[in-house]
Amino acid sequence: PIPQPIASSLIPLPPMMNCLFLAALAAIAALAIASSDVEVIVYNGPQKCSNKGDEKPTKVEPDYVVGLHFTVTVDESSSGSRETIGKKIESSHDMGIAPSFTVGQGKVIAGLDQGLIGLCKGSSAYIIVPPHLAYGRMGKPEQGVGSDATLRYDVEIIDIQPPVPNDFVKIDDNKDWKIGKDEAKRYFEGLGQPIVIESLWEDEDKDGDGYISWEEFTGPKGNEGPPQKQKQQKQQQHQQQTEQTQPNDIATFFQGIDADEDGMISKAELANTFKAMGQEMTEEFWAESDPDGDGYVLFEEFIGSDKQEGKGDEL
């Protein structure tokens with residue numbers, strides 16, 4: 001029910017523009033950092049809490065399961081999608097149910113994942129998420145969210161549960177990521193819990209190889225899995241985050257050069273960017289940057305999505 005991240009295509013820069021991008025990115029880093037963080041404002045309920053031993057948790061931590069009500073809108077600080085500021089995107093109140101999910105596992109957009117950590121049960125907060133940790137330059141057109149939208153989540157923390165236990169790793173004594181009958185027998189005997197091993201194997205050992213694999217195991221197994229599976233999950237999360245962040249970084253750089261904010265870069269604006277870096281823009285560089293020769297660099301030309309083999313061909 002809570003909006004999910006939208007994958008976008010990685011956009012390669014032309015070689016010369018890539019050099020400019022890397023050099024100038026450092027020069028404008030301070031400006032980018034100022035607006036890159038998630039902002040959390042607790043406006044009701046407890047602001048300080050901690051989890052103690054076996055007591056029921058009161059603080060959201062990574063891998064904990066949180067139940068919450070939320071309403072997400074386009075924030076007034078949004079630099080993109082100005083016409084949709086204040087627009088309600090989605091609300092759990094409209095659905096009549098408070099969803100729950102594991103925090104920090106990529107179940108929701110990255111900015112919401114980050115903003116929830118540290119909140120207390122019973123608290124209400126605004127979580128303001130910058131574009132690169134939300135839907136980036138791609139937006140979410142199916143819900144009316146345009147490019148570079150800053151989102152505001154109004155959340156109420158209803159419930160917090162500890163991480164789901166991992167009984168699989170407790171039973172798997174030799175840590176080979178499969179459970180043998182001897183391992184299962186020792187585990188349940190240690191609990192003082194009688195069990196018919198053969199019946200368990202009939203239910204769990206789907207492929208009949210004599211072992212219960214992590215995939216076959218139907219008991220609680222938390223978020224930890226075999227090393228290869230963990231690696232794949234991390235790679236998927238990293239790729240998803242990269243795909244969301246890269247287009248937005250390029251857009252931020254483009255906006256930094258576009259001094260008059262008219263949506264295109266003039267020759268003077270690009271020359272001034274070079275000058276600020278202690279360099280001089282060459283005519284050759286300008287000719288390559290402005291392939292259609294109209295005197296301006298559009299965003300499509302800037303990222304190299306226009307054809308590079310000649311002039312014109314604009315859509």
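## Charges over rings

Arg152 lies over the face of Tyr126, 4.7 Å from the ring centre. Over at Trp214, the charged end of Lys221 sits above the ring, at 4.2 Å from its centre. A charge sits over a ring here if NZ of Lys or CZ of Arg is within 6 Å of the ring centre and within 35 degrees of the ring normal.

This is a predicted model, with local features needing pLDDT of at least 70 and side-chain atom pairs counting only at pLDDT 80 or more, while totals for chains, interfaces and linings use all residues. Residues are numbered from 1 along each chain as its sequence is written, and side-chain values use heavy atoms, leaving out hydrogens and water.

## Aromatic pairs

Rings of Phe, Tyr and Trp (its six-membered ring) pair if their centres lie within 6.5 Å; planes under 30 degrees apart are stacked, over 60 edge-to-face, and the rest tilted. That rule gives 6 aromatic pairs. One of them is Phe70 with Tyr153, a tilted pair at 6.5 Å centre to centre and 45° between the planes. Phe70 belongs to strand β2 (residues 65-74) and Tyr153 to strand β6 (residues 151-161), so this pair links parts of the chain 83 residues apart (strands are DSSP runs of E, at least two residues, and helices runs of H or I, at least four, numbered from the N terminus). Phe70 and Tyr153 are both buried, meaning under 20% relative accessible area with a 1.4 Å probe, protein chains only.

Phe168 and Phe217 pair edge-to-face, with 5.4 Å between centres and 75° between planes. Phe168 is in helix α5 (residues 167-171), Phe217 in the loop between β8 (212-213) and α8 (227-257), 49 residues apart.

Conventions. Buried < 20%, exposed > 50% of the residue type's maximum accessible area, 1.4 Å probe, protein only.
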